[in-house]
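Below are notes on the ligand site and the pockets of this model. Please read them alongside the sequence and the structure.

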Amino acid sequence: MSLSIVILAAGQGKRMHSQLPKVLHCLAKKPLLEHVIQNTLNLDSTMPPFVVYGHQGDRVKQALSKLNVVWIEQQEQLGTAHALLQVLPHIPLENRVLILYGDVPLITFDTLQQFISKTPADALGIITAQVPEPAGLGRIVRDAGQKIIRIVEEKDASEIERNLNEINSGIYLIPARYLKKWLPHLNNHNSQQEYYLTDVIQLAVENKVPIYSQAPSRYEEVLGINDCVQLAQAERLYQRRYAEKLMQQGVTLSDPNRFDVRGELTVGLDVTIDANVILEGQVIIGNHCIIGSNTILRNVILSDYVEIKENCVIEGAVIAEHCVVGPFARIRPTTKIASHVQIGNFIEIKNSMIDSYTKIHHVGYIGDSELGKEVNIGAGTITCNYDGANKHKTLIGDGAFIGSNTELVAPVIIGEGATIGAGSTITRDAPPQQLTLCRGHQRSIAKWQRKKKESREI
Ligand code: UD1
Ligand code: CA
C-alpha cells in the first residue's frame, strides 16, 4: 500500500497571541512546519507531502517556498476533519494516509517509520502518549478491555475523562478508503463547533475497523505547541535532545542545558564546548577544538585544534588549524584565517584573508584586507577601509610589523618586512623592509599646569 502524507497547518494559533501564523513560529530558528515536513522527508512515500494551509496562507507558502510539498488550501478553518477533507480528492483510494499536525514538531523520523511499519494494513493507527500534564489535549478513552473507543477533546470532556493522562498526538495512519467514506459524515456538534478529525475513532469502532495504537519512544516527541510557554518548552526539549546526541558522539558539553544549536552542526573528536554557546546555520567544528562560553558561531568552519575563547561572535568565517581567537573577538563574513593565527581581544575582522602565524592581539579593526604570513599588528591598529562612498583594500606583506595605534588609510600596500612606527597615519604605500612612520614631533612645555577643579563650598 502506498503512503500519502498530509500535514494540517491551516490554523491561526489563537493561543500564540501573535500576528505570525503559528506554524511559522520557530523552534531552533526554523519554522515549526518546516520541522514537521523535514521529519517526513525520508519516509517511504512516492509523493511529496500535502500541506493544508489557510490562515495567512500566502505568508506560510512564501516562507517555505523552497520545500518540496503540495499546497492545498482550506479557505475557512472549520476543524481538523474539514482540513483533511480538502486533500482527500487528491489521494488514491488504495493509499494509506499518514496525518500529522503542523504544531507537533518534535516527532522523530524513527518513531514515524516504526509506526508505519507496525500499523496493520487495514487498521486505523494512532500515536498516543501518557503525559504528566494533559491539559488542553484530546484524551484517549478506552473500554474495560483497554480497547480505544473514542477521543474526547478537553472542552467536551467529563471530569472523569479529564483525569485521563493518555493523550492524542494528532498523528494517525488511516487507509484512504475509510476516510473517503467517513469524513463527509462527520458533524460539528461539539463545544467548538468544529469538524473534529478525532471523531473518526468512533466510526472505526462502529465499523469494526481495528485500532492500533503506539507510544513514541519519549512522550516529549508528541508535545503540541499552542502557546509561547509550550514553544519555549519544546525549544529546550529540542536542544536537550541535540545536546545528548552530541555527547553520545563524544563531545564534552560543560552544561547541556545551556547549549543551543540552530542549524546543522558537524563536530569532530575531542571537542569541548563551554556553557552558553550558540551555534547557528551550518557549523563545522574539527577535532580537538575548544569553544569558550558565551560564544556565537554562525556559518563557521573550524579546522582541528582551534580554540575560540569566551565571548566571541564569529560569522561566515573559515578558520584553519591551531588558531586561537578571543576572548571578545568579532569576526564577520567572508573572512579566511590560515593556520596558527592568533586573534586577541576586542578585534573586529571583516572580509579579510589572514595568512598563517600572524598575530593581531589587542583592540583593532581589520576590514577588506589581506595580511601575509607572520605579520604583527600592534594594539589599536585600524584599517580605514571606507571613504564614505566606497570600500578599499589594505594589503600587508609577509613579516610586516605594524606599530600600535596605526591607521592604515586604504587603498594602501605595506611591503614585506616593513615596519610602521607606532601612532602613524599611513596614507601612501610603505616600501618593504623599511621603517615608515608619520607623526608630529614630540615637544615638552616646562611651565605648563593642568587645570584644577575649583573647590566647591559646602
Ligand atoms: C488537536 C486534537 C487533539 C490533540 C492535539 C494534539 C482535534 C479536534 N484535536 O487539538 O485531540 O490532542 O491536537 O496536539 O483534532 N488545523 C487546520 N485546520 C483547521 C483546524 C486546525 O489545518 O480548521 C491544524 C492546525 O493548524 C494545527 C492542527 O490542525 O496544526 C491542530 O489544530 P489545533 O487547533 O492546534 O488542535 P488542538 O486543539 O491542539
Ligand atoms: Ca495544537
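1. How many residues line the largest pocket, and which of them lie nearest its centre? The lining holds 38 residues, and R15, T80, D103, E194 and N226 are the ones nearest the centre. A pocket here is an open set of points on a 1 Å grid over the protein atoms alone, with protein on both sides within 12 Å along at least five of seven lines, where a 1.4 Å probe fits; lining residues have an atom within 4 Å of a point.

2. On provenance: this is a predicted model, in which local features need pLDDT of at least 70 and side-chain atom pairs pLDDT 80 or more, while totals for chains, interfaces and linings use all residues. Residues are numbered from 1 along each chain as written, chains are lettered from A and ligands numbered from 1 in the order written, and side-chain values use heavy atoms, without hydrogens or water.

3. The largest pocket contains about 1,100 Å³ of space, the volume being that filled by probe spheres set on the points, which are joined across faces, edges and corners. Its lining divides into 13 nonpolar, 17 polar and 8 charged residues. β10 contributes the most, 3 residues, and α3 also supplies at least two.

4. Ligand 1 sits in the largest pocket, meaning that more than half of its atoms lie within 2 Å of the pocket's grid points. There are 24 residues around the ligand, and Q74, G79, Y101, E153 and N168 come nearest; a residue counts if one of its heavy atoms lies within 4 Å. By class this shell has 9 nonpolar, 11 polar and 4 charged residues. α3 (80-87) and β10 (166-175) each give at least two residues to the shell.

5. Polar contacts (N or O pairs within 3.5 Å) reach oxygen atoms of ligand 1 from several residues. A polar side-chain atom of E153 is 2.6 Å away from one such oxygen. Backbone atoms also take part, with G11 at 2.8 Å and L8 at 2.9 Å. The protein covers 92% of the 760 Å² of accessible area that ligand 1 has on its own (Shrake-Rupley, 1.4 Å probe).

6. The second largest pocket has a volume of about 770 Å³. It is lined by 24 residues, with N39, T108, Y238, R241 and K245 closest to its centre. α8 (228-248) is among the elements that supply at least two lining residues, and α8 gives the most, 8 residues. The classes are 7 nonpolar, 7 polar and 10 charged.

Methods: Polar contact = N/O pair within 3.5 Å; in protein donor to acceptor, adjacent residues only side chain to side chain. Helix = DSSP H or I, 4+ residues; strand = E, 2+ residues; numbered from the N terminus. Nonpolar A, V, L, I, M, F, W, Y, C, P; charged D, E, K, R; others polar.
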